[in-house]
Structures are given as C-alpha cells and as structure tokens.
Amino acid sequence: MPGEVRVRTLIAGISETDLALAHGWRPNGDAAPALTMGHEFVGVVESIGSTQDKKDAERFQGKRITGLPLVSCGKCDLCKRGLASHCREKTILGVMGRDGCLADGFTLPLRNLIALPDDLDDERATFAAALSEAIHASQQVHLEGKPYITILGEGTLALLCAQVMNKLNASVRLVSRNEFNLALCDKWQVRHRHLDEVGRREDQDVVVDCTGSAEGLGTALRLVRPRGTILLKSIASFSGTPDASFDTSAIVMKEVRIQGSRAGGISEAIEMLRREQVEVASLITRKVDLDEAERAMLWAGEPDQVKVLVRAAA
C-alpha cells in the first residue's frame, strides 16, 4: 500500500493487551476474529511501498526501528482536532484491523516508524511502547504539594509506572501480591506493600490501576481519598467479561475523578531507555524463539512471568 513499509521482526514482547485478546477481549466489543497479535517490537525495514517522500524512505531502508502501533487516518474530525490517537478510522498493530508483530514480518506506515539509536540494544528497545504508557500516565498526574500515589498491578506496566513516577515530587508506592515485583521495588528503592497488608484509609491522592480487573478498581475506590483521582491504565480484564462487583456509588459519594490513560510518545521512552533512566532487564523473565510464539502466550500468562520476549530465528 502507498506509504506502507514491510518490517522484518527481530524481537517482540508479549503484553497484557495480547493476553487480554487471547482470553476473548475485543476492542469496542468487536466480535471479529483475532488477528496476529503483538505490538511491542524491534524490527528492520525490508521494503518500502510507493511514497512521495523518497528521501525519508531511503533513510529507513535496512535500518533498525520500532514504531507507533496506532495508525490514524489523518482525515477524520478527531484527527483534524489533534486527537489522532482517538481517530475514528484507526487501526492498531496486533489489536484492531492490522496484523501484529508476533510473526516473521508485518507492515506499518512510514510515518509510524522511529529509528533506534545504536547504543540501545534490541531487548531494552522492545519496552519502548510499554514505557511510553507509563510516561504518559506520569504526565497526567496532577502534582500539588507532595501527593500520595499508589500503583496497583502485577505486570510490566505497573512496574514501569512505579519507576517513572518514583522520579516525581510525590510519595509513590507499588501495591501488589507478587513477591517478585515487591523484590524489584526493593532493588529500585521504590516503596511497596503487599496488597493484603494495605489499610483502606482512603488517603491516596492518586491511584493508578494497572490490573484491568473489577477487583482492582474496587480496591482503588477504597484507597483513593474524596475528590481524588483514579487513573485506569489497563484496557480489559483477562477474563474477557468485566465483573461489576464493586460499588459504583463510591464514585458519586466520594466525588472521585476516574480518568483513562493510553500511550504517549515513544521517542521520549526511547531516550529514557538509552540513558538507562529506567531499568528493564530485570523484567525479562523468559526468552523464546518465534516458532514457539503460541506456547509463549501460555507462559506469559503464568503468575511468575513478567515480560516474555519472542525472538526471530537467527
């Protein structure tokens, strides 16, 4: 297609979104068949379709890249209002309308590509998309005084949010049931508590819910202070069927602000990774070859796994 490039996958990460898709979740309730999954990647540009910008195309040919998973149309009313990430005609790599990177290769528009610096290795660069989400969440947090921030979750996103937000002028802690995650917070000097040991004092200014579950949102509502903020990061419960077991009246009674949070700029994430301002090597718990991608999805859902990476054949 015009403006599209063919990318050969070097390495891809399995995300919480991939696991949600595997368990039946579909964006916007769409019941369409699942696509080839995967949107966290490092690849090499193999071929470039017809494009008006030949000079830019030549700059990427054969280069090591990552990219923005969301492809906007650039023409709808939301795109024209500067809301391209909410494009009415969007496709999302490995999620919606576009086959993903857990394959030998895939396509993306040239404008979505981001060249990688030579001093950032493939494994760390694979975290760029996930880190961009954590950075975006930190930019949505309103800092007044020194707010109390609790991050809920077990996976990669919660651990990245903990590292990024720990750099803010705030009192930040990760709350999790996973002892491995809590040990990582010790290593990073991030405050942490086991979920079973946390009191429900309704004193947190911001709760970042990375669980994607009704239980997580219910816990967030019990932790957040009146007129506090809950930032929802995960898009779906892995069960595929949300369970509205929490008491929504608490949102009204406490006048809680609930805000969604998606991805941010990948370029900023790449720079943080290059400068080693976040530590991601400890999050890699398994590496497998591409021909084991289906089994890798099963492994990634196990409680002792954080980030499973899938590598192309040498």
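Which residue of β13 does Q204 stand opposite? Q204 stands opposite V224. Before I go on, this is a predicted model, in which local features need pLDDT of at least 70, side-chain atom pairs count only at pLDDT 80 or more, and totals for chains, interfaces and linings use all residues. Residues are numbered from 1 along each chain as its sequence is written, and side-chain values use heavy atoms, with hydrogens and water left out.

I'll start with strand β12, residues 204–209. Strands here are DSSP runs of E with at least two residues, and helices are runs of H or I with at least four, numbered from the N terminus. Six of the six residues in β12 are buried, meaning under 20% relative accessible area with a 1.4 Å probe, protein chains only.

Now its partners. Two strands pair if DSSP finds at least two bridges between them. β12 runs parallel to β9, residues 148–152, with four bridges joining them; T150 stands opposite V207 there. With β13, residues 224–232, β12 pairs over five bridges, also in the parallel sense.

Last, the cysteines. The structure holds zero disulfides, a disulfide being a pair of cysteine sulfur atoms within 2.5 Å. C76 is buried at 11% relative accessible area, and C101 is buried at 0%.

Definitions and conventions. Buried < 20%, exposed > 50% of the residue type's maximum accessible area, 1.4 Å probe, protein only.
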